[in-house]
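Visitor: I would like to learn how to read a few features of this model. Can we start with aromatic rings?

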Amino acid sequence: MFLLDFKVYKTGDFIQKALDGVSINFRESEFVSILGPSGSGKTTLARFLSNKYHIDYYELDKVVFDDDNGNVKRTDEEISRIFNDIIRKKKWIIEDVGRKSFIDGIKNADIVYYLNLSNFEIYKRCISRWFKQKTGKEKYNYKPTIKSLFQMLGWARKNTKEKEKKINR
């Protein structure tokens, strides 16, 4: 087991530590699935593991939404094709909130991590992320509008309520 180094983000007097206090067991595995609600640090952890172990990582939000086409939602057929291409690869790290459409990634993973943070921490991170995106200090998958902030908080709430189901799949 190793303790992850964390990245510090500063906005004025506010300091947020990504991956602070997260420890994991990691063997030289080829298939890793990282689950957790919005703002839990899935992408940060996936990027860290990808760099450390030289395994490509995939944000499954980007499978659902086409970054090159104004973040338009792809058809179910496109999503399925792209996702199946990913899980056929020899090595992968995928991260997602645990959508049913990506259950095969969870089932085929050698290791599944669920990033379990308190609701308060998740909401704080979602709001902080939204402000960073709104001020251009962080890239975004969805345009940072008031509507998208409430959507993200709603997704976080739903995902934290459903975590037991997702962990036990």
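Guide: Rings of Phe, Tyr and Trp pair if their centres lie within 6.5 Å. This is a predicted model, and the structure holds 3 aromatic pairs.

Visitor: What describes a pair of aromatic rings?

Guide: The distance of the centres and the angle of the planes. Take Phe 83 and Phe 102: their centres are 4.7 Å apart, with 50° between the planes. That pair is tilted.

Visitor: Where in the chain do Phe 83 and Phe 102 sit?

Guide: Phe 83 is in helix H3, residues 76–87. Phe 102 is in the loop between strand E9 (92–96) and helix H4 (103–108). The two are 19 residues apart, and the pair links distant parts of the chain. Both Phe 83 and Phe 102 are buried.

Visitor: Which kind of pair do Trp 130 and Phe 131 form?

Guide: An edge-to-face pair. The centres are 5.2 Å apart, and the angle between the planes is 80°. Planes over 60 degrees apart count as edge-to-face.

Visitor: Now the nonpolar cores. Which residues of the largest core touch the most other members?

Guide: Ile 34, Leu 49, Ile 93 and Cys 126, in a core of 19 residues. At least two residues of this core come from each of strand E5 (31–35), helix H1 (42–53), E10, helix H5 (119–134) and helix H6 (146–161).

Visitor: What does Val 112 touch, beyond residues up to four places away in sequence?

Guide: Ser 33, Leu 35 and Ile 106. Val 112 is in strand E10, residues 111–114. Val 112 has 40% relative accessibility, so Val 112 counts as partly exposed.

Visitor: One last residue. Is Asp 66 buried or exposed?

Guide: Buried, because its relative accessible area is 18% and the cut-off is 20%. Asp 66 is in strand E7, residues 65–66. Leaving out residues up to four places away in sequence, Asp 66 touches Asn 71, Val 72 and Arg 74.

Key. Residues are numbered from 1 along each chain as its sequence is written. This is a predicted model: local features need pLDDT of at least 70, side-chain atom pairs count only at pLDDT 80 or more; totals for chains, interfaces and linings use all residues. Side-chain values use heavy atoms; hydrogens and water are left out. Helices (H or I, at least four residues) and strands (E, at least two) are DSSP runs, numbered from the N terminus. Buried means under 20% relative accessible area, exposed over 50%, partly exposed in between (1.4 Å probe, protein chains only). Contact means heavy atoms within 4.5 Å. A nonpolar core is a set of buried Ala, Val, Leu, Ile, Met, Phe, Trp, Tyr and Cys residues joined through side-chain atoms within 4.5 Å. Rings of Phe, Tyr and Trp (its six-membered ring) pair if their centres lie within 6.5 Å; planes under 30 degrees apart count as stacked, over 60 as edge-to-face and the rest as tilted.
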